[in-house]
Amino acid sequence: MNPLILAFETSCDETAVAVVRGAETLSNVLGSQVELHARFGGVVPEVAARAHVESIRSLTHQALNEAGIHPADLDGVAATAGPGLVGALLVGHSFAKATAWARQLPFVGIDHMEGHLMAPRLQFGDFEPPMVSLLASGGHSQIVHVDEWGEYQTLGSTIDDAAGEAFDKLARVMGLGFPGGPAIDRASDGGDPAAIVFPRALPDRPFDFSFSGLKTSVVTFIEKAQAAGELPSLADVAASVQEAIVDVLVAKTFNAVDETKAPVVGGGGGVLANRRLRHRFAEEADKRGVTLVIPDPILCTDNAAMIGVAAAHWLAAGRITDWTENVDPGLVLGQPLT
Ligand SMILES: Nc1ncnc2c1ncn2[C@@H]1O[C@H](COP(=O)(O)OP(=O)(O)O)[C@@H](O)[C@H]1O
Ligand SMILES: [Mg+2]
């Protein structure tokens with residue numbers, strides 16, 4: 001059974017609507033709020049929620065039109081239930097529930113991180129767990145072992161900042177604006193990743209990350225180099241900063257691959273859109289002969305198709321969310337809604 005799902009994702013600053021049939025994407029539309037938040041240097045929760053309200057209806061029409069689907073054809077409606085900003089989550093969740101209720105369709109609430117985890121299914125049809133997945137975004141960084149879909153063990157996570165948050169903070173320090181990940185990715189073009197060696201934290205903890213010290217080290221480096229009139233090129237600084245983050249993400253993910261002997265490695269979340277990270281993952285997977293499933297960047301950053309594929313999986317397995325269930329901004333992967 002490949003259920004036809006209308007899916008919503010509004011956990012942060014993207015209003016995203018998609019139609020999927022099983023793991024096939026029929027439409028995947030996005031209303032990015034990046035410009036709205038850029039002048040504040042970060043996502044403003046109230047602004048995000050209001051912008052979701054303004055665009056969700058027209059994006060829904062667009063998603064249905066592009067998919068060539070009439071709502072009467074749907075088998076279910078899904079939305080992100082958490083984690084995320086409560087006001088932002090409530091817009092998509094309520095809109096989805098109301099749509100499902102009006103059409104008497106099953107509603108499925110989905111964990112945003114499980115969406116990122118299942119996103120590779122939209123692109124690589126023929127793989128199954130066990131797998132190791134790196135989930136790295138603006139709010140979360142964790143290494144997960146997927147025993148089977150629905151059975152998740154978090155092997156390690158960040159003890160302070162998420163990897164995307166580190167990119168965003170470091171880009172600010174370097175005067176590169178928001179969001180920082182794509183800015184550093186671009187600025188690193190032609191730079192030497194070995195130009196400056198920034199610290200790699202927690203060498204003794206195989207699966208955990210720490211990024212808060214990196215900011216101090218980069219700030220100190222820039223101040224000293226500026227005072228001495230020896231500031232390297234922006235490309236060299238960006239490439240070196242990027243390498244410091246990518247290096248630990250790659251090393252620790254592949255520690256998990258080696259430890260668990262997982263035959264498949266993948267990932268999701270905005271940071272997996274990073275070109276250097278993708279290149280390094282491909283090299284390491286190749287060395288070990290493990291299957292690599294990192295989807296295209298558009299499926300790594302927040303989108304609704306990933307919510308749809310997760311919902312299609314759970315609906316086919318008979319899991320329907322009760323009408324009384326609400327959003328959970330602090331939802332933790334693998335744990336039930338509170
Ligand atoms: N090319 C990139 N390189 C590094 N980080 C990136 C890149 N593209 C996006 N990011 C980072 O990903 C994060 C957004 O992740 P995403 O999963 O889309 O959203 P959320 O954090 O709301 O779940 C941001 O911190 C952003 O800087
Ligand atoms: Mg995300």
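Sorted by class, the shell around ligand 1 comprises 6 nonpolar, 10 polar and 4 charged residues, in what should be read throughout as a predicted model. That shell holds 20 residues, and the closest of them to ligand 1 are S137, G138, G164, G181 and G270. Two elements, α5 (163–173) and α6 (180–187), are those that contribute two or more residues to the shell.

The buried residues of α5 are A163, G164, E165, A166, F167, D168, L170 and A171. Since 8 of the 11 residues of α5 are thus buried, the helix is largely enclosed by the rest of the structure. The cover over these buried residues includes the strands β6 and β7 together with the helices α6, α7 (212–227) and α8. Just after α5 ends, G175 adopts a positive phi of about 70°.

Two packed helices are described by the angle between their axes and the distance between the axes. For α5 and α8, the axes come within 11 Å and cross at roughly 170°. Because angles over 145 degrees count as roughly antiparallel, α5 is roughly antiparallel to α8. On the α5 side, the residues that meet α8 are A163, A166, F167 and L170, and their counterparts in α8 are V241, I245 and L249. Taken by class, this contact of α5 with α8 consists of 7 nonpolar residues, with no polar and no charged ones.

The strands β6 and β7, which are included in the cover over α5, belong to an open sheet of 5 strands, whose order is β8-β7-β6-β9-β10 and whose pairing is mixed. The edges of this sheet are formed by β8 (151–157) and β10 (291–293), each of which has a single partner strand, so that one side of each is left without a neighbour in the sheet. Neighbouring strands are turned against each other by 20° on average, with direction ignored.

Strands of a sheet pair through backbone hydrogen bonds, either parallel or antiparallel. Strand β7 (residues 141–148) and β8 run antiparallel and are joined by 6 bridges, and within this part of the sheet V144 stands opposite T154 in β8. Helix α8 (residues 234–260) packs on the sheet as well, where it touches β6 (131–136), β7, β8 and β9 (264–268), and the direction of α8 makes about 160° with that of β6.

Terms used:
Residues are numbered from 1 along each chain as its sequence is written. Chains are lettered from A and ligands numbered from 1 in the order in which they are written. This is a predicted model: local features need pLDDT of at least 70, side-chain atom pairs count only at pLDDT 80 or more; totals for chains, interfaces and linings use all residues. Two strands pair if DSSP finds at least two bridges between them. Helices (H or I, at least four residues) and strands (E, at least two) are DSSP runs, numbered from the N terminus. Axes are lines fitted to C-alpha atoms, for helices over the stretch in contact, and angles run from 0 to 180 degrees between N-to-C directions. Two residues are in contact if their C-beta atoms, placed from the backbone, lie within 7 Å. A residue is near a molecule or strand if its C-beta atom, placed from the backbone, lies within 6 Å of it. Ala, Val, Leu, Ile, Met, Phe, Trp, Tyr, Cys and Pro count as nonpolar, Asp, Glu, Lys and Arg as charged, and the others, Gly among them, as polar. A residue is buried if 20 or more other C-beta atoms lie within 10 Å of its own, exposed if 12 or fewer, and partly exposed in between; C-beta atoms are placed from the backbone. Angles under 35 degrees count as roughly parallel, over 145 as roughly antiparallel, 65 to 115 as roughly perpendicular and the rest as oblique.
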